Amino acid sequence: MCGIVGYVGKRNSQGILIEGLKKLEYRGYDSAGVAVFTSAGLEVRKAKGRLAILESNLEDAPLQGNIGIGHTRWATHGKPSDVNSHPHTDNTSKFSVVHNGIIENYLNLKEELIAEGAHFVSETDTEVIAHLIASVYEGDIVKAVQKAVKRMRGAFALGVLTEYEPEKLVAVRLASPLIIGVGEGENFIGSDIPAILEHTRNVYILNDGEMAVLTQEGVELMTIEGNFISRELFHVDWDITTAEKGGFDHFMLKEIFEQPKAYRDTMGARINDAGTAIELPEVKLSAEQIKGIRNVHIVACGTAYHAGLVGKNVIERLARIPVEADVASEYRYREPIITKETLVIVVSQSGETADTLAALREAKRCGAHVLAITNVVGSSVAREADSVIVTWAGPEIAVASTKAYTSQLIAFYLFGLFLAQTLGTQTPEAIRSIIADMKELPQQVESILARSEEIKQYAEEFAKNTDLFFIGRGIDYAVVLEGSLKLKEISYIHSEAYPAGELKHGTLALIEDGIPVIALAIQEELFEKTVSNIKEVKARGANVLGIVSEGNDELQKSVDHVFTIPKTTGLLTPALSVVPLQLLSYYASLALGHDVDKPRNLAKSVTVE
Ligand code: M6R
């Protein structure tokens, strides 16, 4: 995830910016840069790759100046490169901007600015901001930023400098975190507390729609409408490790709680303003080509494969195209029938998984169009695929994948609807209704997260067992597979996931007194059948936690514990029902005293076969 640092004070800013950026390295990045106001004006240095590269460039040509902004970039719009790195400037190089987040309407703004004579050098949405501020500047940087921000749609945090008012650093927050550090004769901005913790523990936390104007002498807080705000300083007493995790005990928990934002960012501008259609210009398939698709293969590993199983359901039901989902390490050895009319979708958080990459290459060799769903813009998978849907979950640090998985689900919903609208397999009303429900998902996840204590209690009870079962039917089965993997991965409790109707064909023999069974009974059309399967395990003494949609109170009579999730369209339920399962494995691992973020024997990215 991108990182922002800014400084204004009496000291030379270069070192403070670089040290601040180093403190944000844990968030992941692919390039870095700084802009400093020097005696020669606003000077920018930026470089693709690790911060050490930027540092060595700065050693050769240091920057002297006591006001500056710095950035570590995690690519979203445009590949990782020197030119796409931040800060970005306008054509006069008098305005410089660092930015976290996404400007959804950047293409419209870009066209407008080009028509007015702006010349763009990068592929980023951020460059639009620098040109926009320059175009509305009339001698007051605060007013110019306010004007520009009102024209921008999306979620973002900004740091802005101009050569015309070299004593001011302007910061804005709209749904992307930003804090202001208050020192003695010096002030700071940071996208995260670790960036400034070395210099001050007194901070203002900006809320959405707020901005700050920093000078050496002080900080003014106001809304983006220009109304001044007075606020108490917040004293940070976290150590640096706690601060890196945003106050959460582990990256995994932080990432679970980041899911509402990841959903919003991944949907972003891909849903039109009216909420009636999906826009995916990144899918390089014409309507004619889409109509020619005879079958779809989804190929991935681990959690990404589980997202693919949901994707199979989504595409088949919405677009009525046959889909096969394969584990990547098996795919190319089973001699799959891939033709030019096959669409192959590879799913990979890292974009570097060796087996997934090999499957992608095999599909391309056979002439199929390869669509990648990945979280890393410049990754091998992203570079080699024909089309790429980026999941905007931000870097995932915990080995156990959570927000990347759910963002992959969102990508499948978007793509399934996109196919359906192109093929006419769903009515416009049906598409509109699913889109409306998708937009509700982030706040529905928030409501589940607010009840995490309930899950913690079940997890502590279940963690006393050595074996555990998950059951579900239909799309719920795909979700329990992911719940079971998550539990094994970080708690080391043996668990198995079964289609609920399949238990009696063998596995039921393992159910005895007190064995925990976690049953998903979310799908309306399968509810009664799942309840019958739950009764089968209950009759053999299982201790059952049922997870149901609100309103299905009937289940309470058949199980020991119930956790309800908000109601939504059946196909969308995995984006909600997986959240209690993620929390369950997190709290079970915690109860057992394991290293949640770095489970034994596992690596975040598996680059060997
Ligand atoms: O980076 P990828 O999505 O390609 O990784 C695939 C799997 O290795 C990954 O999902 C793994 O299963 C996770 N650690 C599970 O939490």
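Predicted model: local features only at pLDDT ≥ 70, side-chain atom pairs only at ≥ 80, totals over all residues.
Below is a quick tour, going from the whole chain down to a handful of residues with something to look at.

**The chain as a whole**

- Along the principal axes, the C-alpha atoms fill a box of roughly 80 × 55 × 45 Å.
- Of the 609 residues, 60% count as buried.
- Take the contacts between residues at least 6 apart in sequence: 72% of them join residues at least 24 apart.

**Surface and charge**

- As background, most residues other than glycine have a negative phi, and most peptide bonds are trans.
- One exception is the peptide bond joining His86 and Pro87, which is cis, with omega at about 0°.
- Arg320 isn't a glycine, yet it has a positive phi of about 55°. You'll find Arg320 in the loop between helix H10 (302-319) and strand S17 (323-327).
- Arg320 has a relative accessible area of 60%, and the cut-off for exposed is over 50%, so Arg320 counts as exposed.
- Glu335 is another non-glycine with a positive phi, this one about 45°. Its loop runs between helix H11 (328-331) and strand S18 (342-348).
- Glu335 is exposed too, with a relative accessible area of 67%.

**Around Thr126**

- Thr126 belongs to helix H4, which covers residues 126-136.
- The relative accessible area of Thr126 is 1%; buried means under 20%, so Thr126 is buried.
- Setting aside residues up to four places away in sequence, Thr126 touches His86, His88, Val97 and His99.
- His86, the residue on one side of that cis bond, also makes a side-chain polar contact of 3.3 Å with Thr126.
- Asn84 is 42 residues away from Thr126 along the chain, but their C-alpha atoms are separated by 9.0 Å.

**Around Thr342**

- Thr342 is part of strand S18, the strand at one end of the loop that holds Glu335.
- With a relative accessible area of 2%, Thr342 is buried.
- The side chain of Thr342 has a polar contact of 3.0 Å with the side chain of Asn295.
- A polar atom of the Thr342 side chain also lies 2.9 Å from the backbone nitrogen of Thr339.
- Beyond its neighbours within four places in sequence, Thr342 is in contact with Asn295, His297, Ile337, Ala368 and His369.

How values were computed
Residues numbered from 1 in each chain as written. Heavy atoms only, no water. Buried < 20%, exposed > 50% of the residue type's maximum accessible area, 1.4 Å probe, protein only. Contact = heavy atoms within 4.5 Å. Helix = DSSP H or I, 4+ residues; strand = E, 2+ residues; numbered from the N terminus. Polar contact = N/O pair within 3.5 Å; in protein donor to acceptor, adjacent residues only side chain to side chain.
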